[in-house]
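Student: I'd like to understand how the words used to describe a structure are decided. Could we take them one at a time?

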Amino acid sequence: SLSKADLLACHIAQHYAEPLTAEDIAKAGGLHPNYAMNLFRKAFGTTMNDFITQHRISHAQRLLVTTSDPVIEIAFASGFQSLSRFNEAFKRACGCSPREYRQSHRAG
């Protein structure tokens, strides 16, 4: 059976495209938010927020390469609340802007 930490990770994996707070995730695992955050960090060596962001960035990368959707639509579809948040997180994770990422990874 899944550990509590795995349950938290699964919940994130299923819901990262929605607005997610530590409280939401903890509640899904029947845990107190602070306890859930500590448990998660111990189990995975990363914070819940970073884990959520990683999922969102991966999703955005797929959309940037496989669709021609506007960047702002991709930001929202990936669970980011604003374009500036998305651009900031994307640059930090990938070292380039979403637009640059799309240009360098599109076939042709």
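Tutor: Happy to! Leaving aside residues up to four places away in sequence, Met 37 touches Ala 22 and Met 48, where contact means heavy atoms within 4.5 Å. This is a predicted model, in which local features need pLDDT of at least 70, side-chain atom pairs count only at pLDDT 80 or more, and totals for chains, interfaces and linings use all residues. Residues are numbered from 1 along each chain as its sequence is written, and side-chain values use heavy atoms, with hydrogens and water left out.

Student: What makes Met 37 count as partly exposed?

Tutor: Its relative accessibility is 36%. Buried means under 20% relative accessible area, exposed means over 50%, and partly exposed is in between (1.4 Å probe, protein chains only), so Met 37 is partly exposed. Tyr 35, at 48%, is also partly exposed. Both Met 37 and Tyr 35 are found in helix α3.

Student: And why is Ser 78 called buried?

Tutor: Its relative accessible area is 0%, which is under 20%, so Ser 78 is buried. Ser 78 lies in the loop between α5 (71–77) and α6 (83–94). Beyond four places in sequence, Ser 78 touches Tyr 16, Ala 17, Arg 56, His 59, Ala 60 and Leu 63. Across the protein chain, buried residues make up 37% of the 108 residues.

Student: How many helices and strands are there in the protein chain?

Tutor: There are 7 helices and 0 strands. Helices (H or I, at least four residues) and strands (E, at least two) are DSSP runs, numbered from the N terminus.

Student: Why are the buried residues of α1 said to line one face of the helix?

Tutor: The buried residues of α1 are Ala 5, Leu 8, Ala 9, His 11 and Ile 12. Seen down the axis, they fall within an arc of 155 degrees, so they line one face; the arc is that of the directions from the helix axis to the C-beta atoms. What covers them includes α2 (22–28), α3 and α4 (48–66).

Student: What makes α1 and α3 roughly perpendicular?

Tutor: Two packed helices are described by the angle between their axes and the distance between the axes. Axes are lines fitted to C-alpha atoms, for helices over the stretch in contact, and angles run from 0 to 180 degrees between N-to-C directions. Helix α1 (residues 4–15) and helix α3 (residues 33–44) pack at about 95 degrees, with axes 9 Å apart. Angles under 35 degrees count as roughly parallel, over 145 as roughly antiparallel, 65 to 115 as roughly perpendicular and the rest as oblique; α1 and α3 are therefore roughly perpendicular. Their contact includes Leu 8 and Ile 12 of α1 and Leu 39 and Phe 40 of α3.

Student: How do you know that α4 is roughly perpendicular to α6?

Tutor: Their axes come within 10 Å and cross at roughly 90 degrees, which makes α4 roughly perpendicular to α6. Among the residues in contact are Ile 57 and Gln 61 of α4 and Phe 86 and Phe 90 of α6. The contact divides into 8 nonpolar, 2 polar and no charged residues. Ala, Val, Leu, Ile, Met, Phe, Trp, Tyr, Cys and Pro count as nonpolar, Asp, Glu, Lys and Arg as charged, and the others, Gly among them, as polar.
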